[in-house]
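Colleague: Could you take a close look at one part of this model with me? I'd like to go through a single interface.

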Amino acid sequence: MTNSNYDIVIGLEIHAELNTKTKVFCGCQNKFGQEPNSNCCPVCVGMPGALPVLNKEALKLAIKAGLACDCKINDYAVFERKNYFYPDLSKAYQISQLVKPICIGGFIELESGKKIRLNRIHLEEDAGKLTHQLNDTHIDYNRGGVPLIECVTEPDISSADEALEFLQKLRNRFIFADIAHCKMEQGGMRCDVNLSIKPKGSTVFGTRTEMKNLNSFKSVAHAIEYEAKRQIEEIEKGNKIIQETRKWDDDSGISSSMRSKEDSQDYRYFPDPDLLTIEVEPSVVESIRSNMPLLQEQRIQIYSEEYNLPTSDINILVNSKLVSDYFDNAVKLLNEPKEIANWIITELLKQDVSEKMPISEQKFTQIINLSLTKKITRSNAKILLENIIQTNADVMETAKQLEMLGDISKEDIESIVINLISENEKAVADYEKTPDKVVQFFIGNVMKQTKGRANAAMARDIIIAKLQNK
Amino acid sequence: MKIDFEEIKRLEKLSALSSSEEKLKSLAEDFNKIAEFVEQVKNADIEQTDIGYQRVLKIDELRADEVVPSMPQSEIVSNAPEKEDGCFVVPKVVE
Amino acid sequence: MEDKEIVKLGILETLELIKSQTITSEYLTRLYLSQIEKYNYKNALLEVFDDAITRAKEIDEKIKSGQKVGKLAGLCFVIKDNMLYKGKKATCASKFLENFVSPYTATAVQKLLDEDAVIIGRANMDEFAMGGSNENSAYGNCKNAFSDEHVSGGSSGGSAVAVACNMCVASLGSDTGGSVRQPSSFNGVCGVKPTYGRISRFGIVAFASSLEQVGPITKNVKDNAYLLEILAGFDIHDQTTRREEVPNYLDSMSNGVKGMKLCYCKQLIEKYKDSKYYSKFYDVINFFVENGATVDEIDIKNIELALPTYYIIATAEATSNLGRFDGVKYTTRTCSSSDIKKLYVESRTAGFGDEVKRRIMLGNYVLSSGYFDAYYNKAKKVQQYISNSLNKVFDDYDAMIMPVAYGEAFKIGEKSKDPVSMYLEDMFTVIANIAGVPAMSVPYGFGVNNLPLGLQILTKNLCESKMYTIANFVEENYKGGMHD
């Protein structure tokens, strides 16, 4: 990337908002985008006398995140108060975890085989939102108390590419395990970067800086490249790197100093007396583990080894958890993975599937099954599918209404053919000259009249017999 | 005096408090007496104690993830010294 | 019955008068209001709620129309000024919360309301419950019920004096290091700090979360047992509340102390030996023995560390709990600057009183980097040690007895200049908070200044019934006291 005389040392801190119905310490909704302070209660705004009450699901999701990243789950979870004054923090402390985080260790393996170790994953509460006006600042605590996991890596990452791959994998795990939605544009996933450089091969770390305000994977990559370049230039100029927090600005593509280490705060962490110590029983951890949805990597393996799907199809299916879940459910209903994959990719992905799939798995597999068992033709199946997507009506009822169902008897075909022959004298006259063309013409008309239900081979035989008898 | 003015000032800063210079002196005197009083704990000869009678909660005893109605916005900000559009208002914060 | 006799009655007796429709709640409320008027100079109440009569009338209607009424129907209570009651002010006796109107109601207060109680006013206290004399109130000190020169005790001084001066039938206080028991002792009433987690803290402005409990203050022991049963229980809003079923304390009280194993702690009583009240304590021990209990002297190593340990833990938690008072959301804003940091500092400096400031700073001292292990962590270890020791004692003994305080109420101004001498007053009471066990103060006569004295009874966690049994026996049978 930059200068081959230096190693770049990167550690990441990732925050992800958890998929819970309620906030982490109260029963207010965990929901994005509402009127300011309308989604709040005495706990959210730290009213006198209010007490935090831990959401069981939030703790379980944090454990799940640990299991998804091969962490060790601690026997006890202790919540601590991180004390500092800032307007987005309603109580002047954030409830977080320091000494006994819920998950410790763990790793994520990159495609190269390199393991990026995790230091910890812990559970904490999000802060409120500040909106800066011309002369003052407005505080909205709706986001205050939204459950967050903070995932801290060891300084094992050595390039922007590795950082991106790690983030992508971590994000996929959280999404595929139903832990977090990770919508970066809504602040559902945020990333801070710690970066230092050292002479190539040196075992001594350089002074690191921390970069905040990275709101997309693209800005993480840009910020890493910018900061590595900046530090190398400073060193080459003979300057020292100052330990500081820097703020990344996406528009200008540069970072600037927010505060130096000298201004760093004394957070005075201590156990939150309102929450007591939580015992994490192994049986609870095991039940979370056994109910864990398949992660992206595991699905890729199954699609490839068990279903023999082509890599291109697999990549499309696992690109979205929604699509992949849909595929898995459909295969459970109809054990035809290849057929289902084809139908999803060619038919369903034409639609907008960013929020939901256009048709239920039941109806979808019912239609595919009608086609596979030749109850309806493949082309009729496609028409039927489009129809059901529009109407969401009953599959069999619709097929009947569209007259796609029911066998056409030999007698029925014969009477249709007799009618057709009497109505198309010119075609009959051409039979001698261009027999194939004429037979094809009659088959087409039979199919048209039977809405494609007639057996084409049978129709052909009948047509030829009748024409030759003429 | 064990805890000097500098230390008192550091503690005031952490506490988001501030005293006039004359008040600082009596505060420092009081504070030193109090610090001396709690000093015995620091020097106590107590070996590592077992967790013993400490109460712990089991995960199943925790709150279920069920939504309860929030408080009306007007009540949330009812005691605020300055508010606008349902928000608490503070002087402009520069990051 | 004469009016001046009615206001002296306890909960159970007054309830009879109301239920039998001998008197109405409105009549009763007016009697208390005139008592409040008469003893206004004690400064026990910071506000008399103007809807008390309206509420009393509503309850009278219910009774008249034959509707089912609650267990406290029409009775008048006072709550400490750190308890939230929707629509009413709660100032914690601080200038900082001068204008704070509660947007919701504390669980403990709600439980009184649910039983058709009338809440007549809010009681004076030491600011944010920090103090033992009520001299730290921003709204003036509260005088002792028995003497205008002596302190009411604290921090729940107003709550205790209100009961002692018959301004209400009973009151609620909160006890973090003795704040219910010590003023109860000083004013001759019964005050209980229940097992930690027995009563919900939701809606009580927090001082030191891991130590404090709401406590009932009553005119007699049975009232206290009756009231605790109503207040106690699991609350979804307070994760530290206990789930164990709440017993009927009145019914589960037994008769007498015969066969009971009692003890007192040698190290604590040694501190008391030079006191002029020692003989009185000795007298009550004899009383128990004469009535068939055994009383052993036991050793509890390091128990004297409970007091400084208490001050480390309590101030650490208080520092953090009081961070939310910053001039932004609830508290008065004092600000001449457009800088947010200065807004915090100016508002807090103007809003908090001196003792609160000292404790916030002490809390930051013991929590701050470089001191945390030596002070806070060490204090937590000592706490665990003392708690373990005390719990072991209760494996062998039914109860531990000790004084509530060194003596009678002290003089106003006597200790207010020296914070440490004030802290030392809490020696006997902090033990129950440090260990989380229940404790109560029951009056046992008067001291040399003709002011009341309280005996303290501590039992095992959740064994309040035993505590009440012993206290009730003292109340009904102990006639000792150097005064009479």
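Which residue of chain C forms a salt bridge with Glu82(B), and how far apart are the closest N and O atoms? Please describe the contact between chain B and chain C around that pair too.

Modeller: Happy to! This is a predicted model, so local features need pLDDT of at least 70 and side-chain atom pairs count only at pLDDT 80 or more, while totals for chains, interfaces and linings use all residues. Residues are numbered from 1 along each chain as its sequence is written, chains are lettered from A and ligands numbered from 1 in the order in which they are written, and side-chain values use heavy atoms, with hydrogens and water left out.

The partner of Glu82(B) is Arg333(C), with the closest N and O atoms 2.9 Å apart. A salt bridge here is a side-chain nitrogen of Lys or Arg within 4 Å of a carboxyl oxygen of Asp or Glu, and chains B and C have 5 salt bridges between them. There are also 20 residue pairs in polar contact, both residues at pLDDT 80 or more; such a contact is a pair of N or O atoms within 3.5 Å, where within protein one must be able to donate a hydrogen and the other to accept it, and residues adjacent in sequence count only if both atoms are side-chain atoms.

On the chain B side, α1 (5-15), α2 (21-43) and β3 (87-91) each supply at least two residues that touch chain C. Of these, α2(B) gives the most, with 14 residues. Helices (H or I, at least four residues) and strands (E, at least two) are DSSP runs, numbered from the N terminus.

Counting contact as heavy atoms within 4.5 Å, 53 residues come from chain B and 64 residues from chain C.
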